[in-house]
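Have a go at each before you read the solution.

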Amino acid sequence: MKIGLLGHGVVGSGVAAIIDANKTWEVEEVSVKKILVKSEAEKNDPRCTTDVNEILDDPDIDIVVECMGGLEPAHTFVKRALANGKYAVTSNKKMLAAYCEDLFEEARKHGVTIHYEAACGGGIPWMASLDRTRRVDDIQSFRGIFNGTTNYILSKMKEEGSDFDVMLKEAQKLGYAERDPSDDIDGYDVRSKVALSVVKAFDDLVDVNAISTYGIRNIKPFDLQYAASIGRTVKLIGMAENFGTSVSAFVIPSFVRDEDLFAAVPLNFNIIESRSETLGAAAFYGQGAGSLPTAHAVVQNVIDIVKNQDPEINEKTSRPVNNALHEGTFYVRTDKTNLFSSVIDHPINEHAFITRRIPLSRLDEIVRRTDDPLLFAAEADA
Ligand code: HSE
């Protein structure tokens, strides 16, 4: 089968490198025919073109692999590829989480499929494992450290007592970070990954904007030190739980117990855990970002298409996100503590406190009203 590659950056160049290396007989069955790049200056391979039509309208190309990132034109290109009867593979979680329904519908209409293992968990076979688990059982919930950049920052801040900004720059240099740092540090990257995991885990669509999202932009060494003083490690967690007619889904820094496996996840590594009745808890650990691990997942999907596996063609319904269903105690640091008086259980100091047990939706409501750009919130007993 012939591939048209959209994008030749961190992930795209990794995909071309793995396929060109022809290491296994499965990989030998596919080849990259054309590569879309943005400008003449980026043409560093004879297969490069700046004209997307050379890929989308080429009847010889069976699979379009999108590694461009961003919403547009990636969305339009993938939709056109599907409309032209081509299979699609994407590593672009932001685009797919925003246009899931639209692209799935387009794929169904044209009898092809869209695959997105690399969009969530990088090289970890998380999505594939969800498919396998669901062949036998319903998945009740999942939780994960889905973002390498923030895990790198949090690990280094804990280890070295370093400042947030210094560690962000270091993670960006290592090539894990998104183009817009806000996607990583404000939790939006994890939010997209949670939305896509919901599709796989619960076979339903959720509105990505309805997922409560808290990031680590405002974290201070004090927050990590307080967590450490009560035997906790701060990790940015994405989680969802299946409640039948609705789901809870959120992204929030969490004080995980030091003895929890999640607390030990270092640097840019990811861990994601599903829970189902017969399998119980099953956790997947590995490289969640980076050129070759992510490209590995893309190539796995290409081989799924060659072997006609993971068809992902059934119609899905949308389910509401209801975070009144997730209760917890929360750590909040803000200059506007007075606005939280009805939910404070005990103060830590003048600006930081732990809430009593409340629904996450209640925290969301007060945080919105507080409108403090420097507020930091975390789940205190995760
Ligand atoms: N920015 C993402 C991360 C890349 O740091 O995990 C992989 O999705």
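This is a predicted model: local features need pLDDT of at least 70, side-chain atom pairs count only at pLDDT 80 or more; totals for chains, interfaces and linings use all residues.

**Exercise 1.** Work out how α6 and α10 are oriented to each other, and what their contact is made of.

*Solution.* Start with the geometry: α6 (residues 126–134) and α10 (residues 188–202) pack at about 25 degrees, their axes 8 Å apart. That angle falls under the cut-off of 35 degrees, so the two helices are roughly parallel. Next, pick out the residues: α6 brings Trp126, Met127, Leu130, Asp131 and Arg134, while α10 brings Leu196, Ser197, Val199, Lys200 and Ala201. Finally, sort them by class, and you get 6 nonpolar, 1 polar and 3 charged residues.

**Exercise 2.** Describe the packing of α1 with α12, including the hand of the crossing.

*Solution.* Helix α1 (residues 10–21) meets α12 (residues 291–306) at an angle of about 65 degrees, with 8 Å between the axes. The crossing is right-handed. Among the contact residues are Val11, Val15 and Ile18 of α1, along with Leu292, Ala295 and Val299 of α12. By class, this contact has 9 nonpolar and 5 polar residues, and no charged ones.

**Exercise 3.** Find where α5 bends, then say what covers its buried residues.

*Solution.* Follow α5 (residues 93–109) to Tyr99, where the helix bends by about 80 degrees. Its buried residues include Leu96, Cys100, Leu103 and Phe104, but also Lys93 and Glu106. Their cover includes β4, α4, β5 and α10. After α5 comes Gly111, with a positive phi near 65 degrees.

Conventions. Residues are numbered from 1 along each chain as its sequence is written. Side-chain values use heavy atoms; hydrogens and water are left out. Axes are lines fitted to C-alpha atoms, for helices over the stretch in contact, and angles run from 0 to 180 degrees between N-to-C directions. Helices (H or I, at least four residues) and strands (E, at least two) are DSSP runs, numbered from the N terminus. Angles under 35 degrees count as roughly parallel, over 145 as roughly antiparallel, 65 to 115 as roughly perpendicular and the rest as oblique. Contact means heavy atoms within 4.5 Å. Ala, Val, Leu, Ile, Met, Phe, Trp, Tyr, Cys and Pro count as nonpolar, Asp, Glu, Lys and Arg as charged, and the others, Gly among them, as polar. A crossing is left-handed if the near helix is turned anticlockwise from the far one by less than a right angle, and right-handed if clockwise. The bend at a residue is the angle between axes fitted to the seven residues ending there and the seven starting there. Buried means under 20% relative accessible area, exposed over 50%, partly exposed in between (1.4 Å probe, protein chains only).
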